[in-house]
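Please work through the exercises below with the sequence and the model side by side, trying each task before reading its solution.

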Amino acid sequence: MTKAEIVEKIVTMTGVNKKEVLAVVEAFMEVVKNSMIQKENVYLRGFGTFLVKRRAAKTGRNIQKNTTVMIEAHDYPGFKPAKSFAEKMKAE
């Protein structure tokens with residue numbers, strides 16, 4: 001499902017103007033992204049949690065040059081669904 005499809009479904013469900021719905025959806029995504037960039041988790045009760053996860057430093061290999069490369073520790077975004085949401089997914 002694309003962002004445009006999400007906006008269309010919300011417009012159909014609520015009857016709110018398409019431009020207003022698009023602005024709200026984009027603002028929501030911007031708030032979530034900025035929070036995660038600042039290393040803050042975003043908790044949405046009944047839906048899930050957008051988590052900032054930490055990946056430890058490790059050694060990797062460049063197989064083309066046959067060399068060892070050090071990969072630095074870094075953060076990455078993750079999502080953990082709420083228990084009720086995960087149970088509904090299993091039931092379907």
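Predicted model: local features only at pLDDT ≥ 70, side-chain atom pairs only at ≥ 80, totals over all residues.

**Exercise 1.** Determine which parts of the chain are linked by the salt bridge between E26 and K3.

*Solution.* Begin with the atoms: the closest N and O atoms of E26 and K3 are 3.2 Å apart, which lies within the 4 Å cut-off for a salt bridge. Finally, consider accessibility: E26 is partly exposed at a relative accessible area of 37%, and K3 is partly exposed at 35%.

**Exercise 2.** Locate E8 and K18, and work out how far apart they are in sequence.

*Solution.* The side chains of these two residues, E8 and K18, meet in a salt bridge with an N to O distance of 2.9 Å. Because E8 lies in helix α1 and K18 in helix α2, the pair ties together parts that are 10 residues apart in sequence.

**Exercise 3.** Decide whether T49 is buried or exposed, and list what T49 touches.

*Solution.* First, T49 is found in strand β2, which covers residues 48–55. Its relative accessible area is 15%, and because buried means under 20%, T49 counts as buried. Leaving aside residues up to four places away in sequence, T49 touches N41, V42, Y43, G78, F79 and K80.

Note on methods. Residues numbered from 1 in each chain as written. Heavy atoms only, no water. Helix = DSSP H or I, 4+ residues; strand = E, 2+ residues; numbered from the N terminus. Buried < 20%, exposed > 50% of the residue type's maximum accessible area, 1.4 Å probe, protein only. Contact = heavy atoms within 4.5 Å.
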